[in-house]
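Me: I have a model open and want to learn how to read it. Can we go through it feature by feature?

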Amino acid sequence: MGKDVVFSKKVLEEKSQIEILDKENSQSITYVESSGTSGVRGYGWYGEQDLEKMSDHIINKGIQLSEIDTIMIRFPYTLSLPAHLIESSARKSKSIIIPVSSRTEMAPYFKLLNLMKELEVTVFAGNPREIEFLFEALSVQQLSPAEYLPKLRGFITAGEVLSHQRKKYIERNWGVEVFNLYGATEVGNFGYTCKNGMMHIDEDNFQVNKEQNDTFLPLSTGLNQKVYITNKSNCSSKIKNYEIEDIIEVLPEKCSCGDNNILIQARGRIGDLINLGEKRIDMYEVQEAIYSLTEVPFLWEVHVEDENIEIRMEYNIDKTIDVSEVELELKNRLGLPSINVRIFNEGEMVDRGEIFKYPRSRKPIYIYNSTDKKIGAEINQGKQELQNKNYIKAKSHFKNVIEEYDFSEAYIWVAATIGLEADSKSLMEKITLYPSLKKYTEIAVQKNPYDAFAHYLLGMLLYKTPEEIGGNRKRSLKHFRMSKYLGYEEDISVYLNDLT
């Protein structure tokens, strides 16, 4: 890599969005951001021409949008790249557009189906889980896709891993083809499926490399990690050599569709890898196993703790499932000596009435790995030590989480611990602790700008600290009010009354 400028989620977290914007152009620019599957915010800028360039393979490859299409866009519109990219493609191809943003109460699944029928939708765009929920809404009414939606000819998916078997499962249910897109909020859509259903890299507009021995090299056949993407045609953003933190498989064969761009398969995020000793299982493999089952579940989650895997599944009420048979199928497909399958009754994993009335407000999570549990355990141990007034041990637990995972909530608890420790100290000791308390409290608010407790802590710090060493009553009022508006449950009226 040498002197090459590189970007990652961590690098972007340390920069302002405006720093990344290239203002020297005359086109309209769209800002997008996402926490995606990583939980860490990413963002990007795209001008009209940038979106149009990425639209070419949606119009000319795969689904091939045209003026005879009516496309329903189910991706979330708020700060979401896929929704705006596909809308740009639809406008360029002169398709009819029906924007039905997900994560809003205005467009529940049963209403979507009615609109699809009434408006003769030909193409539906959304993530795979949305399409599975939509099929459930159709099935519960005992409706046939071919009879109810005779004009529907295909789906465009993005935002999640779509394994071969999952793609086949959706296509078998609906009787139409699925065309997948692959990209990142920060750099754009660099992967697309062709008319044969194979995914290619858009090599005309994107440079895709891997880092090896501190050097950028072309992707090699097989699995690639440490992958960096540059959008060569984006004139609105300064982001280049962006590390996407995904595993990309390069396939050795050429596609018979006539497109010579290399073939790839998105295998999932590195953070979702299941590590079992020498064996590593990625999201693609998990999906291949689950969607190859004799009976595919309506909902599923993988929970990993140390080297134990539990797959939780929920089936419809009319399904009779033999747990031992499902475990045997999954063990064989994943090559594991043992696996635990837990079957939930209909409605136990998620309230279906709530789903179908009010679409879920978050992107689905499929794998809960031991990292989440380790963070939770360390935080809980810290809280226990804090409750016992063992401030040094409490800070140690919280700081361990910060050093290893940079988990934002841990900053709040470090700040809370130092604050309580300061309350028990003399004035001179309080002054000694002040710089550390100020540092962690301000970081807590910066990393958690909508966290009520973080604002409460900063409000208390500014309220209690004498102005000559950094206190500020005016600023403390601001943070107390923010804390109240964000739902802090303790009564802080005494502070608010004193400051107003």
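Me: Let me start with Q64. Is Q64 buried, partly exposed or exposed?
Reply: Buried means under 20% relative accessible area and exposed means over 50%, with partly exposed in between. Q64 has a relative accessible area of 40%, so Q64 is partly exposed. Bear in mind that this is a predicted model.

Me: Where does Q64 lie?
Reply: Q64 sits in the loop between α3 and β3 (70-73). Its phi is near 55°, a positive value in a residue other than glycine.

Me: Which other residue other than glycine has a phi near 55°?
Reply: Q142 has such a positive phi. Q142 belongs to the loop between α6 and α7 (145-148). The cut-off for exposed is over 50%. Q142 has 75% relative accessibility, so Q142 counts as exposed.

Me: Back to α3. How many residues does helix α3 have, and how far does it reach?
Reply: Helix α3 covers residues 48-60, which is 13 residues. From first C-alpha to last, α3 reaches 18 Å, close to the 18 Å expected at 1.5 Å a residue. There is also a kink of about 35°, centred on M54. Just after α3, G62 takes a positive phi of about 55°.

Me: Which residues of α3 are buried?
Reply: Start with the general idea. An α-helix has 3.6 residues a turn, so residues three or four places apart point the same way. Now the case here. The buried residues of α3 are D50, L51, M54, S55, H57, I58 and I59.

Me: What should I look for in a nonpolar core?
Reply: In soluble globular proteins, nonpolar side chains tend to be buried together. In this model, the largest nonpolar core has 58 residues. W174, M313 and L330 have the most contacts inside it. Helix α6 (residues 128-139) gives the most to this core, with six residues. A second, separate core has 47 residues, including I63, Y77, I201 and I248.

Me: What is L330 in contact with, leaving aside neighbours within four places in sequence?
Reply: L330 touches A289, I290, L293, I311, M313, G335, I339 and V341.

Me: Now the strands. Why is β7 described as largely enclosed?
Reply: Count its buried residues. Strand β7 (residues 177-184) has eight residues and six of them are buried, so the rest of the structure largely encloses β7.

Me: How does β6 pair with β7, parallel or antiparallel?
Reply: Strand β6 (residues 154-157) pairs with β7 in the parallel sense, over four bridges. G154 stands opposite E177 in β7. Between the two strands the chain passes through helix α8 (residues 164-174), and this β-α-β crossover is right-handed.

Me: And β8?
Reply: β7 and strand β8 (residues 188-193) run antiparallel, joined by four bridges. Y182 has G191 in β8 as its bridge partner. The two strands, β7 and β8, form a hairpin with three residues between them.

Me: Last one. In what order do the four strands of the open sheet stand?
Reply: The order is β11-β10-β13-β14, with antiparallel pairing. β11 (215-218) and β14 (242-243) are at the edges with a single partner strand each, so one side of each has no neighbour in the sheet. Take the pair β10 (residues 206-212) and β11, joined by four bridges. There, Q212 stands opposite T215 in β11.

Key: Residues are numbered from 1 along each chain as its sequence is written. This is a predicted model: local features need pLDDT of at least 70, side-chain atom pairs count only at pLDDT 80 or more; totals for chains, interfaces and linings use all residues. Side-chain values use heavy atoms; hydrogens and water are left out. A nonpolar core is a set of buried Ala, Val, Leu, Ile, Met, Phe, Trp, Tyr and Cys residues joined through side-chain atoms within 4.5 Å. Buried means under 20% relative accessible area, exposed over 50%, partly exposed in between (1.4 Å probe, protein chains only). Contact means heavy atoms within 4.5 Å. Two strands pair if DSSP finds at least two bridges between them. The expected span of a helix is 1.5 Å times one less than its number of residues. The bend at a residue is the angle between axes fitted to the seven residues ending there and the seven starting there. A crossover is right-handed if, with the strands pointing away from the viewer, the path from the first strand over the helix to the second runs clockwise.
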